[in-house]
Amino acid sequence: MKLYYFSEMPHHEFPDEEGDKYPSLRLEFPNRFFDREKAAANYQRYLTEYEFADQAGFDGLMINEHHSTPSCVNVGVNMTAAVLGRTTRRAKILLLGNILPIEENPVRMAEQLAMADLISGGRVLSGFVRGVGVETWWSNTNPVHNRERFEECHDLILKCWTEPGPFRWEGRHYHFRHVNPWCLPLQKPHPPIWTPGTASPETAVWAGRRGYTYVPFLVPFEIARELFDYYRQGAAEVGRTVTADNLGFLICAVTAETKAKALEAGRHFVWRMGPTLRAPTEYFAPVGMRSRAGAQFALRARPRSLATLSYQELLDGQFIVAGTPDEVIDRFSRIQRELGVGHLLLEAQESRMDHPTTMRSIELMGAKVIPGVAAL
Amino acid sequence: MRPREETISVGGVSVHTWIGGQGDPLLVLHGAGGNRGWTRWLAQVAERFTVLAPTHPGFGRSGDADWMDGIDDLARFHLWFIEAAGLGRPHLVGHSIGGWTAAEMATMSPGSIDRLVLVAPVGLKPEKGEILDVFYYSPPQLLTMTVHDPKTVPEWDELYGRAPTPAEIEIATRNREMAARLTWKPYMHNPRLAHFLPRVTNPTLIVWGREDRVVPVECGEQYRRLLPNADLTVLERCGHLPPVEQPEIFARLVLDFLGGHNRR
């Protein structure tokens, strides 16, 4: 099983009582609490941690993108991919991912991803996501069109990568009369494509049909299994065989020399589950963004929102793994047995988890955990 | 005369329509909340006019129209509805997004419409203030912001007094989705509409609630300025729903303006 290092690049640099005054940290928390000096230092720190994860032996470096939130100030996943493409040497660069429905220019996205792939020597894993409602508000994209735009944006990017230009694209949402990108990915026919899932059966089926790597995020095991079943259903429709390499899973994880130290560090993940997900329904799921089936599945997938779970409940539910390297290997092995996944994505830094703790966790993962699970 | 419900087919889309009353035809276009049916003010106006209150495509029990992208599509559709229903040259009343639709219809084909009543229409970018982002709030929150004082709404219990059934929630969700489809961006307005309104010389009555928290009452003044033959009436202690907040007064305003009262 391959391990991936991931940080949301949080900006938890404000008094929590200030954030509590607003209905959500997303969209509404005023950016006068954004600390420019600390942000400048944090970007350097976070990139150093990614570079160390590359050196420590992680199979991949996962990066993501959000907007209008202190929970994630990585606001340009392709920009980060380009930086890491130059400053790391070995690990795959997993963008999970580009938020397709809010993209106005899929041709530019195809070019940027191709350039990151070229700079990194063909290490890009190109994740495509539908995004959460917050990004729909941020971009003022009609949520009713979310899935249509996701699919059409994907189709146009794929065409940019696989069919010779120039060609014309007159779709439902995208219109380009002269497509001829002079930047194509190093990987042929194109970088592997990944898709995350939290609640939409349609996305799982869609990814299964195409053989894309599918990764449920922070859901209970039984929900992940159900989503994998939808994925297999999509794969079966086109006669495709599903292997562990098609499936991944994302959790939060940290390790340290002692269990006590790891548990102390792991508490930082509670901020990510709680305060940063606190919001009125409309912020995360504006009208029309989810299908009826998706909305019903979401209710079952999260009978209780992550925001209401205690630290202990999050540990018990395997949303967070925190322990010594041996304990972490044990937990990861259980996840592999339970879900049969080939990729485990570790959100491994959060909130105010400090640099030395993060670096030590990366070091121990590299020295002990990654070799310990490589054969699974 | 009791109202009846009919389905009228327009361009392959089935349009659920309330029909009732007698007299000259009056077309009534509902707002983003959907078709509330045969409410008190409609019953009063139907004493003098043949009222047709269609449910917009994508709303309520009307057929889908996922291909529509904006209120101008809905306006062209309802001009077609006028022909399909054989209404000749009806008076036109529109509320909120229905008012915006009515205004667009009048700019496209002023000769297709007799007199025009615009009730708290969106459609213009406010010179002062902003149109409330109705999609940012839950339906219960929105309801409290939509009316000035629920205690003064005569039909409150009939319209909002009990928890909705699953079927009603499904329709409310569908209404909200279609409203989002039609009005998301630019939000609730057409930047070009102001340039076309001066074409509309039809006699027009604009009605607004002084305490409208959804669309600033100043927008009423903008409409009045841009329409060559329009009067603005502002109702005190009234929010965004004059037809249900003050049904008697509103019905009287409409009847007086349309002249039906005198034809008896």
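**Aromatic contacts in a predicted model**

Student: In this predicted model, at what distance from the ring centre does B:Arg115 lie over the face of B:Phe257?

Tutor: A charge sits over a ring if CZ of Arg is within 6 Å of the ring centre and within 35 degrees of the ring normal. B:Arg115 lies over the face of B:Phe257, and its distance from the ring centre is 4.8 Å.

Student: How many aromatic pairs does a search of the whole structure find, and is the pair of A:Phe29 and A:Phe33 stacked or edge-to-face?

Tutor: Over all chains, the search finds 21 aromatic pairs. The ring centres of A:Phe29 and A:Phe33 are 4.7 Å apart. Planes under 30 degrees apart count as stacked. The planes of these two rings are at 10°, so the pair is stacked.

Student: Are A:Phe29 and A:Phe33 buried or exposed?

Tutor: The term buried applies under 20% relative accessible area. For A:Phe29 and likewise A:Phe33, the class is buried.

Student: Why is the pair of A:Trp137 and B:Tyr136 edge-to-face, and which chains does the pair cross between?

Tutor: The centres of the two rings are 5.0 Å apart and their planes are at 80°, so the pair is edge-to-face.

How values were computed: Residues numbered from 1 in each chain as written. Chains lettered and ligands numbered in written order. Predicted model: local features only at pLDDT ≥ 70, side-chain atom pairs only at ≥ 80, totals over all residues. Heavy atoms only, no water. Phe/Tyr/Trp six-rings, centres within 6.5 Å; stacked < 30°, edge-to-face > 60°. Buried < 20%, exposed > 50% of the residue type's maximum accessible area, 1.4 Å probe, protein only.
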